Structures are given as structure tokens and as C-alpha cells.
Amino acid sequence: MALAAEAARGVLGSLLRDFPSPLGPEDPLPWSAQGSAALSRAEAPGELAELARSFLGGRNAPPPLTASLIHAAIDDVLQTDLSVFKKQSVEEEREGDHGKFTLLDGGSLQRCFFNKLRDICCEWQKQLPSLKSPKRFLLISSHAIRNVRRKMEDRHVSLPEFNQLFGLSDDVDRAYFAVFDGHGGVDAANYAATHLHVNVALHKEILKNPTEALKGSFQQTDEMFLFKAEREDERMRIEALGGCVTYMDCWRVNGTLAVSRAIGDLYQKPYISGNADGNSFELTGSEDYLLLACDGFFDAIRPCDVVDLVLDHLKQNKRDGLKAAERLVAAARENGSSDNITVLVVFLRDPPDILADSLGDSKSLSADEGSKDSPFNFFSSEMNNQSDSHTTTKS
């Protein structure tokens with residue numbers, strides 16, 4: 001605990017040395033100005049948090065400090081009169097699905113946010129608050145490659161400090177992980193990676209009914225949750241609306257998209273649904289890890305083969321799980337995947353314990369025996385041996 005506090009104070013002191021005074025109106029922002037365009041009040045928390053996470057991460061700030069600083073600074077910003085940031089260079093009001101809303105000037109808002117962040121650093125350098133870390137064991141391995149595609153359209157998010165980032169102080173230990181697989185560009189995946197978790201945390205049901213909070217937040221953020229269109233229930237839903245599902249190298253909705261649920265794709269509505277499909281279950285404590293990946297992985301690797309790949313990696317790497325995702329990505333590429341590949345492995349138990357338990361078993365279950373009663377059965381398509389593409393979140 002003392003070492004963590006010392007590291008936190010070191011980061012605070014370094015930031016204040018580099019920024020001894022608040023930013024003025026003409027001072028450059030401490031991060032890329034790419035996100036300085038107009039944004040709505042609802043978009044502000046996600047955009048500001050994303051900028052700060054990258055900025056503080058680049059300064060090697062401990063994750064609990066990063067999350068707590070961002071929460072405190074955004075809370076301060078949202079309590080100010082945001083009308084002073086109203087953007088005048090464009091139409092001030094525009095019509096949206098939820099009525100009219102005011103556009104804010106992103107650059108001015110970011111300067112205000114950074115100055116709030118700096119002020120909090122000054123306060124915390126004098127008296128550092130208690131920085132709580134997640135209670136449960138989580139070891140996160142992630143890896144993503146563009147592969148042979150021209151652009152990288154996958155995005156992934158890892159937030160083990162979900163409670164700290166949003167100031168949730170009850171006894172429930174929450175974490176959030178997601179993989180977003182973009183198609184036709186990266187804009188929807190970027191937007192989802194920035195805003196979905198914010199809307200989940202701010203949803204009125206987050207404390208009592210996180211499942212409902214998650215589903216409602218997908219709809220709210222117009223987020224991407226992919227499902228392959230070959231599923232019989234999806235084909236029936238689409239055809240009942242007057243659309244069609246045809247086979248053109250793979251099953252495609254109206255002959256174009258290989259997914260039936262995605263946010264965005266305005267001209268494919270209502271056949272492409274923005275309502276997220278999902279599943280919910282309680283962990284028993286016996287689970288080894290959670291795997292999230294895009295279709296660039298699942299089109300090349302069967303879910304039932306993942307177990308052997310992970311165990312083989314642990315055996316060959318002295319029980320170190322940090323590069324397990326890298327091994328899985330390599331396996332997908334070796335099996336012929338030419339798509340973007342993103343894999344996120346969240347170990348729920350210490351990898352040495354997982355390996356020791358596996359070596360202690362005289363034999364393992366077959367793929368069918370091991371998956372019959374598994375809550376992860378939704379990973380498998382009943383229509384063929386190919387796997388659905390998944391964007392999975394957990395809170």
C-alpha cells in the first residue's frame with residue numbers, strides 16, 4: 001500500500017512539474033486535438049475520459065489513480081455551467097432521436113477538463129485519498145493485429161477499475177471488458193469503445209439490474225453487437241420484416257452485411273437490428289478465464305480448441321498468462337484468418353493454479369461433454385460448425 005501511494009504521488013508531482021500553471025485559452029492541449037470537434041453533453045464524459053486515460057496511461061499512472069482522477073475531474077466539469085462551452089460556429093441545436101440538444105465546443109471543454117484534472121492533482125499531492133483496487137483476482141492479456149487487411153477496424157476496452165472510474169462505492173466488485181468489431185469503417189467501433197461503458201455506468205438500473213443496464217445502454221449508444229446472420233432465429237426475424245438472408249461466400253443480410261445485429265448501418269434498418277442480444281449468468285468461482293474476441297479469431301479457431309491453446313501456452317511460458325492472447329491471435333492467423341484479429345483473455349484465477357489443476361487431471365472432458373451445460377453455449381451455432389462473431393461485455 002505504501003509503495004502504491006508513493007507511486008501515485010510520483011505521478012502527481014511529475015504532472016505538476018510539467019504543467020506548473022493552468023492552460024490558457026491559446027495554450028495547446030496536452031493531447032491530440034483530434035477530438036476537439038463539437039460534442040453533446042451526453043458525449044462529454046466518454047470523450048473526456050478516453051483522452052485522460054490515454055494521457056495518464058502514457059505517464060505510467062497506476063490504474064486506480066487514473067480512474068479516480070478521471071472520475072473526480074469529470075464530476076467537477078459536469079457540475080459547471082456547460083452553456084459557456086456552447087459552440088457558436090455551427091447550428092447550436094440539432095434534432096436527434098431524443099429531441100434537441102446543444103453542441104459544445106470540444107477544445108474549450110477539454111481545456112476546462114484538464115485544468116480541473118490539474119487542480120485535483122494539486123489537492124491530492126497534499127493529501128492523497130484512499131485509492132481502492134479491485135478486490136478479486138484479474139489478470140488481463142490482450143493482443144490485436146491488423147493482419148493483411150488494409151485498415152484496423154477492431155477496438156477493445158479493459159476496465160477492471162470500473163467502480164473507481166464511476167464512483168460506485170457499494171460492495172459489488174465490477175469490471176468491464178469489450179471487443180468491438182467494426183465493419184465498413186472504424187467509426188462505430190470507436191464510438192462504442194468510448195461511450196458504451198459510460199452509459200452502462202450511468203444507467204438507472206446499474207446497481208439493481210446490470211443486465212437491463214447493459215441492454216439499455218446498447219440501444220442508447222447505438223452500439224455494435226455482432227451476430228452472424230446464418231442463425232435460424234435471426235433469419236426468421238429478418239424475413240418477417242421483408243428482408244432476406246442469402247449465401248454469398250457467407251450468410252449476408254440483403255446480400256451485403258454478414259451480421260444481423262449492429263448499431264449504425266442506417267440504410268439497413270430495420271433488418272439490421274440495434275437491439276443487443278445477450279446472456280447473463282453468475283460466476284461460481286470455478287471459472288478459469290473469460291475470452292472475448294472478434295470474428296477474425298472465431299472464424300479460424302473453434303471455441304472448444306481455446307482451452308488446449310491456453311494450457312499449451314502456459315506450459316511453454318513458465319505459467320505466465322500475460323501473453324496468452326498473443327498466442328491465440330497467432331493461432332488464428334496460422335489457421336488462415338486474414339481479417340483483423342483481436343483477443344482479450346481475462347484470467348479469473350491465477351494461471352499457475354489453472355495449469356496445476358489441468359496437469360492433475362488424468363483426462364479432460366471432450367468438447368461435447370465439456371460444453372453441454374456450459375453457460376457459454378451461445379458461442380456455438382446450431383446450424384454449422386462455424387462460430388458466431390461476438391462483442392461481449394460484462395459488468
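This is a predicted model: local features need pLDDT of at least 70, side-chain atom pairs count only at pLDDT 80 or more; totals for chains, interfaces and linings use all residues.

Below are my entries, from the whole chain down to single side-chain pairs.

**Entry 1, the whole chain.** I counted secondary structure to begin with and got 13 helices and 10 strands. Next I looked at burial, and 45% of the 395 residues come out as buried. For contacts with a separation of 6 or more, I find that 71% join residues 24 or more positions apart. The accessible surface of the chain is about 20600 Å², and carbon and sulfur atoms hold 49% of that.

**Entry 2, a sheet.** I picked out an open sheet of 3 strands, ordered β4-β10-β9 and paired antiparallel. Which strands stand at the edges? They are β4 (139-145) and β9 (289-293); each has a single partner strand, so one side of each has no neighbour in the sheet. On average, neighbouring strands here are turned by 10° against each other, if I ignore direction. I then checked the pairing of β4 with β10 (residues 341-347), which is antiparallel and runs over 7 bridges. In that pairing, L139 sits opposite F347 of β10.

I searched for disulfides and the structure holds 0. While there I looked up two cysteines. C112 has a relative accessibility of 15%, so I log C112 as buried, the cut-off being under 20%. C294 is buried too, at 0% relative accessible area.

My tally is 8 salt bridges. One of them joins R59 and D18, with N to O at 2.6 Å. This pair links distant parts of the chain, 41 residues apart: D18 is in helix α1 (residues 2-18), while R59 is in the loop between α2 (44-58) and α3 (63-78). I have D18 as partly exposed, with a relative accessible area of 47%.

How far apart are the closest N and O atoms of D288 and R349? I get 2.7 Å for this salt bridge. D288 lies in the loop between β8 (251-253) and β9, and R349 in the loop between β10 and α12 (351-360), so the bridge ties together parts 61 residues apart in sequence. R349 also meets D357 in a salt bridge, at 2.4 Å from N to O. That puts D288, R349 and D357 in a network of salt bridges.

Definitions and conventions:
Residues are numbered from 1 along each chain as its sequence is written. Side-chain values use heavy atoms; hydrogens and water are left out. Two strands pair if DSSP finds at least two bridges between them. Helices (H or I, at least four residues) and strands (E, at least two) are DSSP runs, numbered from the N terminus. Axes are lines fitted to C-alpha atoms, for helices over the stretch in contact, and angles run from 0 to 180 degrees between N-to-C directions. A disulfide is a pair of cysteine sulfur atoms within 2.5 Å. Buried means under 20% relative accessible area, exposed over 50%, partly exposed in between (1.4 Å probe, protein chains only). Contact means heavy atoms within 4.5 Å. Accessible areas come from the Shrake-Rupley method with a 1.4 Å probe; for residues, only the protein chains shown count as cover. A salt bridge is a side-chain nitrogen of Lys or Arg within 4 Å of a carboxyl oxygen of Asp or Glu.
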